Amino acid sequence: MTWNVFFAYFVLLSLISHTRGAPAADVSPPVTGRTIPLRRRGPSSDLDVYQRGQIAKFQRDAALARYYGGEGPTRRSTGDNLLVDESYDSGYYGSLAIGTPPVSFDVFLDTGSSDLWVAGSSCGNVCNGLPLYSPSLSSSFKNTSESFDITYGQGEASGYVATETIEMAGFSVFNQGFGFLSAPTSGLLGLAWEPLALTQQMPFWQTLASSGAWDSPLFAVQLTRYTNDTQAKTLEPGGVLNLGYTNGSLFTGSIEYIDMTSQPSFWQVSLTWLTAVTVQGVSIPLGTNVAAAVDTGTSNIGAPSDIIKAIYEQIPNSKAASGSWAGYYQFPCSTSVNVTFSFGGTTWAMTPADFSYTNIGNSQCIGTFFETTQTNPSWILGDSFLKNVYTVFRYNPPAVGFAALSEVAKAENGVNGTPVPSATVGSATASVTGNAASTTLPFAPAWIGISLFSFLHASLV
C-alpha cells in the first residue's frame, strides 16, 4: 500500500463525510452461516511520522465533517465476509461482486455512511493498480440518465444515477445503487441508514434486512488488532462481518443492546446508557445530552474538547499536539493507559495498546482520543473501541449491541503468517429484487426494494 493510495482513501472519506443528510440480552439460538473475512488496514511501516500525521488529520477532519456538517428474497439465510486489516488497524475492508458477469472489488466497511462507491474506469492515474468497474462489460448495468453534482471539502464530483447487480456473502441484490467514483481503494460500502444516502435510496444491507432475506434482521462485526504487533505486515486478517446472525463462537455472555429511540440515520445511540468513562481508574464527567455514533469507518474516538482535556489530565506529562496532530494529544509512550466505558450495567475495557494511535518519536505517542466540535453526536466511537467488543447493528428494533469477545476472537489478534482474504466471486443463495422508489424508513420489517446507485464521475481537485 503506497502513500498516494492512503492519501486518496482519506480524500474519498472526506467526500463521504459531506454527503449526509433498556439494554436487553440476546437470547436467540445460534445460527450456522457463512462469514465474510475482513482484512485490516493499519498504519504501514513504510509511512513516516508526517504521513501518519496527515492520515490522522484526514481522519479527524472527515469525522467532524461527517457528523457536524463540516441502501422478495428467494429464502432466508445468513452469510459472512472475512475482512482485511490494513496498516496496523487504520481501516478494515471486505469484498463484494458487481455486474453480470460479476467482478470482485475490495470495499471499506463504513457504518458512518450509507452509499456504495467503487473506483470507475475514468479514475485515472491515482487508481493505478486498483480494480476498476467498467459498465460496458456488464449486461445488468442500467443508466437512468439522472445527473447530479457534489461539492465537498477536498474537491468536487459529478455523475449520473444507474442500477446494477451486487453480490456479497451469498446475497444478491438486483438494481442496487452504488457510486462510480474516480478515487481509489477500490471502494467503500456504507452500512448506515437510508436517510444518510446521497442518492436518497436504500443501502444494500437495509434492503436485505427489511426484506426478510436474513434469518435475523441484523449484522455484526468483529475486528482484529495488529497495532501493537511489530511483525505485522501492511495487510493482515481483519476479522469478520456476519450478515443475518450473530456468531456465538466470537463472543461470550449476552449482547447488551442500546436502543435507537429516534428515526435512524447514523448508528447513533443515547449515552444516557453511558454511565461512566474512566481513565487510569478516575471517572471522567460526561455532561448532559450525550450521544454517540458507532462508526467502523473512523479509526479513533472523538469526544468534546472539555472531556478530552479531562482524559489527558489523568496522564502525566501529556499535552495538546500541534500541526497535523491538532485536535489530538501526545503522551509518553512508556505510560500504559487504561480506559473503560460503562453502558448500562456492563463495563467494557479498552486494551492499552488501542489507546496509542502512533509513535511520533522522542518517546512520544499520539493518543486515540480526538476533540469534536459540536454536541450531536458528542462522541464518535471508532475502531479503537470496537476492537475490544463484538458489535451488533440491529435493524428491528433499531439498536446497537455490544458483547464480550470470546477467547476464539481474541486469539485472532496479532497472528503472523495467516493468509489475507482476497476478493472473490461466489454464488448467491438468496436474492432480492430492487426498485427505483425511495421509501420512508420503517421501524419494522417491510418489503422494500433496493434502490438506485449513483454512477459517479469524480474529479479530484
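In this predicted model, Lys-309 is partly exposed, with a relative accessible area of 45%. Its side chain meets that of Glu-313 in a salt bridge, with N and O 2.6 Å apart. Side chains of opposite charge can pair in this way when their charged atoms come close. A search of the whole structure finds six salt bridges.

Another of these bridges joins the side chains of Arg-225 and Asp-354, at 2.8 Å from N to O. Arg-225 sits in the loop between β11 (218-223) and β12 (235-243), while Asp-354 belongs to helix α5 (residues 352-355), so the pair ties together parts that are 129 residues apart in sequence. Arg-225 has a relative accessible area of 8%, which is under the 20% limit, so the residue counts as buried. Asp-354 is buried too, with a relative accessible area of 2%.

Asp-354 also forms a salt bridge with Lys-387, and here the closest N and O atoms are 2.9 Å apart. This pair again links distant parts of the chain. Lys-387 lies in the loop between α6 (383-386) and β27 (389-394), 33 residues from Asp-354 in helix α5. Lys-387 counts as buried, at 4% relative accessibility. Through shared partners, salt bridges join Asp-89, Arg-225, Asp-354 and Lys-387 into one network.

The protein chain as a whole was examined next. Its secondary structure comes to seven helices and 30 strands. Of its 461 residues, 61% are buried. The chain exposes about 16,000 Å², and carbon and sulfur atoms supply 52% of that area.

Four of the strands form an open sheet, in the order β16-β15-β21-β22. The pairing in this sheet is antiparallel. Its edge strands are β16 (282-283) and β22 (346-350), each of which pairs on one side only. Strand β15 (residues 274-279) pairs with strand β21 (residues 339-343) over five bridges, in the antiparallel sense. Leu-274 stands opposite Phe-343 of β21. In general, strands of a sheet pair through backbone hydrogen bonds, either parallel or antiparallel.

Phe-343 is also part of the largest nonpolar core, which holds 90 residues. The members that touch the most other members are Phe-341, Phe-343, Phe-369, Trp-379, Phe-385 and Phe-402. Helix α2 (residues 49-68) gives the largest share of this core, six residues. The contacts of Phe-369 were listed without residues up to four places away in sequence. Among them are Ile-301, Ile-308, Ile-311, Tyr-312, Val-339, Phe-341, Met-350, Phe-355 and Trp-379. A second, separate core has 13 residues, including Ala-220, Ile-255, Tyr-390 and Leu-405.

Gln-330 lies in strand β20 (residues 329-332). The residue is buried, with a relative accessible area of 13%. Gln-330 and Ile-366 are 36 residues apart along the chain, yet their C-alpha atoms are separated by 4.4 Å. Ile-366 is also among the contacts of Gln-330, leaving aside neighbours within four places in sequence. Other contacts of Gln-330 include Asn-317, Ser-318, Lys-319, Ala-321 and Ile-360. Gln-364 and Cys-365 are in contact with Gln-330 as well.

The buried residues of α3 include Phe-204, Trp-205 and Leu-208. Gln-206, Thr-207, Ser-210 and Ser-211 are buried in α3 too. Just after α3 comes Gly-212, which takes a positive phi of about 85°.

The mean pLDDT of the protein chain is 77, and 71% of its residues reach 70 or more. Over residues 71-75 the pLDDT is below 50. Beyond near neighbours in sequence, this stretch has 29 contacts in the model. The pLDDT is also below 50 over residues 435-461, a stretch with 135 contacts beyond near neighbours in sequence. Where pLDDT is low, the predicted coordinates should not be read in detail.

Technical notes. Residues numbered from 1 in each chain as written. Predicted model: local features only at pLDDT ≥ 70, side-chain atom pairs only at ≥ 80, totals over all residues. Heavy atoms only, no water. Pairing = 2+ DSSP bridges. Helix = DSSP H or I, 4+ residues; strand = E, 2+ residues; numbered from the N terminus. Buried < 20%, exposed > 50% of the residue type's maximum accessible area, 1.4 Å probe, protein only. Areas by Shrake-Rupley, 256 points an atom, 1.4 Å probe, with all protein chains shown as cover. pLDDT = per-residue confidence, 0-100. Contact = heavy atoms within 4.5 Å. Salt bridge = Lys/Arg side-chain N within 4 Å of Asp/Glu carboxyl O. Core = buried A, V, L, I, M, F, W, Y, C linked by side-chain atoms within 4.5 Å.
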